[in-house]
Amino acid sequence: MGLLTILKKQKLKEKQMRILMLGLDNAGKTTILKKFNGEDIDTISPTLGFNIKTLEHRGYQLNVWDVGGQTTIRSYWRNYFEETDGLIWVVDCADRERLATCRDELHKLLQQEKLAGASVLVFANKQDLAGALSSEQIAEVLELGSPIFKNRHWQIHPCSAVTGDGLVDGVDWIVDDIASRIYLMD
């Protein structure tokens, strides 16, 4: 029995998923995680480094790694790629000035071999703000139809970290997608 088989059997037994949450600074990653977990979102400060939250959702244990998105931290993102089942990319849809940077960073991530099999959920966040681009507009700006996405499981979901709208739908999708690839159906 190979090591990969042993690891998959262990994962199957525990029903665990490792999810990496990334995006530019101030995109709303920590707010999404706290809101989804039912925590207070009134006092959130920039993530310097990372936060790890373990959440129970629909019978699965989600180990979510929320990593800071400041320019100085992005070079360290690669240290978190190991054994990632899913990537949640958070976009600030109201920050039009940095959308090109957001696209470039996402495309760099998707070229990483260690993330090759990861499901990708794009949260088009801050839909509650006036002037926010729609998820369709974000999909176009991020070039989600480009060849880099061709053989990848991905989806974009509009959301608001403040109101909670769209968060459950997005997490449901990524959990279902990962489960369909990793776990035998019950």
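1. Gly131 sits in the loop between β5 and α5. Helices (H or I, at least four residues) and strands (E, at least two) are DSSP runs, numbered from the N terminus. With a relative accessible area of 45%, Gly131 is partly exposed. Buried means under 20% relative accessible area, exposed over 50%, and partly exposed in between (1.4 Å probe, protein chains only).

2. This is a predicted model, in which local features need pLDDT of at least 70, side-chain atom pairs count only at pLDDT 80 or more, and totals for chains, interfaces and linings use all residues. Residues are numbered from 1 along each chain as its sequence is written, and side-chain values use heavy atoms, with hydrogens and water left out.

3. Which residues does Gly131 touch, leaving aside its neighbours within four places in sequence? Cys93 and Arg96 are in contact with Gly131. Contact means heavy atoms within 4.5 Å. The C-alpha atoms of Gly131 and Val175 are separated by 30 Å, and the two residues are 44 apart along the chain.

4. Val175 is among the buried residues of α6, as are Leu167, Trp173 and Ile182. The 16 residues of α6 should span 22 Å at 1.5 Å a residue, and the end C-alpha atoms are 22 Å apart, which agrees. The expected span is 1.5 Å times one less than the number of residues.

5. Helix α4 (residues 99–110) passes the check too: its 12 residues should span 16 Å at 1.5 Å a residue, and its end C-alpha atoms are 17 Å apart, which agrees. The buried residues of α4 are Leu99, Cys102, Glu105, Leu106, His107, Leu109 and Leu110. Their cover includes β1 (16–23), α3 (71–74), β4 (86–92), β5 (119–125) and α5 (135–141).

6. Arg74 belongs to helix α3. Arg74 counts as buried because its relative accessibility is 12%. Leaving aside neighbours within four places in sequence, Arg74 is in contact with Leu24, Asp25, Gly69, Arg98, Thr101 and Glu105. Glu105 is one of the buried residues of α4.

7. The largest nonpolar core has 29 residues, of which Leu22, Trp89, Ile138 and Leu142 touch the most other members. Elements giving two or more residues to this core are β1, β3 (60–67), β4, α4, β5 and α5. The most comes from α4, with five residues. A nonpolar core is a set of buried Ala, Val, Leu, Ile, Met, Phe, Trp, Tyr and Cys residues joined through side-chain atoms within 4.5 Å. Leaving aside neighbours within four places in sequence, Leu22 is in contact with residues including Trp77, Trp89 and Leu109. A second, separate core of 26 residues includes Ile32, Tyr60, Trp173 and Tyr183.

8. Is α2 mostly covered or mostly exposed? Mostly covered: six of its eight residues are buried. These are Lys29, Thr30, Thr31, Ile32, Leu33 and Phe36. What covers them includes β1, β2 (50–57), β3, β4, β5 and α6 (167–182). Gly38 follows α2 and has a positive phi, near 80 degrees.

9. Helix α2 (residues 29–36) also gives the most to the lining of the second largest pocket, with three residues. That pocket has a volume of about 270 Å³. Its lining has 17 residues, with Asn26, Gly28, Ile44, Ser45 and Pro46 nearest the centre. By class, the lining has four nonpolar, nine polar and four charged residues. Ala, Val, Leu, Ile, Met, Phe, Trp, Tyr, Cys and Pro count as nonpolar, Asp, Glu, Lys and Arg as charged, and the others, Gly among them, as polar.

10. On pocket terms: on a 1 Å grid over the protein atoms alone, a pocket is an open set of points where a 1.4 Å probe fits, with protein on both sides within 12 Å along at least five of seven lines. Lining residues have an atom within 4 Å of a point. Points are joined across faces, edges and corners, and a volume is the space filled by probe spheres set on them.
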